[in-house]
Every structure is written in C-alpha cells, then in structure tokens.
Amino acid sequence: DVYKRQNLGSPFISLIGGLSTPIIIGLLLWFFPAPVANTIIMNDMNKLSNSNFLQGLEKIGIRLLGFYLLYYGISDLVNNILSYKQEIALMSENFNIYGKGSYKTAFVVTGIEIVISLFLIFGSNTISNFINKFKYAS
C-alpha cells in the first residue's frame, strides 16, 4: 500500500479534509441561522420602500455570490494544501518535473478567489451603488 510505504497515514485524512468545509458551514447554518441571515441581509430589507426593494435584493444577491465563492475558495485551499503535502511526501516525478511552481499558481489563484469573495461579501453596498450609477446614468 502506497500510504503505508510512504508513511502518509490513513487515506481518510484527505476525505476528512475535503468534507470538513461543508460540514462546518452546515453546522454554522444549523446552529446559528439568525446571525448568518442577518450577516447576509443586514436588516436592510426592513428599511426598504418598494422603490428600493430591487436594490436590496441586488445587495443580497451579491453577498450570496460572495459566500458561494468563499465556500469554493476554502475548499480549493484545503485541497491544494493536502495535495501539496501528499506530493512532497511521495516526491513523485510529476512534482520534480512541474515543481512547486504549479502549486504556487494554485495557491495564488485560490487566494485571489478568497479575496474577491470577501470583497463581494463586505463590499456589496459599494458594488450595488456602482451598478446603479451606470444603470441610471443615461
């Protein structure tokens, strides 16, 4: 068995690492639904009139898109870390040929993905105002 020869431990470590992100997010949504919902909606919907209702929905949609992207960013980060550790432990030929450069690229792309998701989550008001400025500029 490759895992025993290379002293990688159990192959279930990769499984646990890959499943931990959706489980943690699911537990947060299960045990703390009100704080999560208030973070997404931020009580904007209670203050909105009918004319601003669509702008409020736009902000919520931008935040939800940010959370979706953050989920995939965290999952990619866990996957990249586990793959990197496994390649180092195996010291495979692919790792020597392509080297650490491919993993640097993967980590940079994942970092950019997480930064964009945080911008979408916390900058939804700015993005919505920017969209409305161009939408109603003419």
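A residue is called buried when its relative accessible area is under 20%, exposed when it is over 50%, and partly exposed in between (1.4 Å probe, protein chains only). The structure is a predicted model, in which local features need pLDDT of at least 70, side-chain atom pairs count only at pLDDT 80 or more, and totals for chains, interfaces and linings use all residues. Residues are numbered from 1 along each chain as its sequence is written, and side-chain values use heavy atoms, with hydrogens and water left out.

The chain contains seven helices and zero strands; helices (H or I, at least four residues) and strands (E, at least two) are DSSP runs numbered from the N terminus. Of its 138 residues, 20% are buried. Among contacts (heavy atoms within 4.5 Å) with a separation of 6 or more, 71% join residues 24 or more positions apart.

Helix H5 covers residues 53–90, and its 38 residues should span 56 Å at 1.5 Å a residue; the end C-alpha atoms lie 55 Å apart, which agrees. The expected span is 1.5 Å times one less than the number of residues. Buried residues of H5 include Gly56, Ile60, Arg63, Leu70 and Asn80.

Ser124, Ile127, Ser128 and Asn132 are buried in H7. These residues lie on the same side of H7, because they cover an arc of only 130° around the axis, taken from the directions from the helix axis to the C-beta atoms. Thr126, Phe130, Lys133 and Phe134, on the other side of H7, are exposed.
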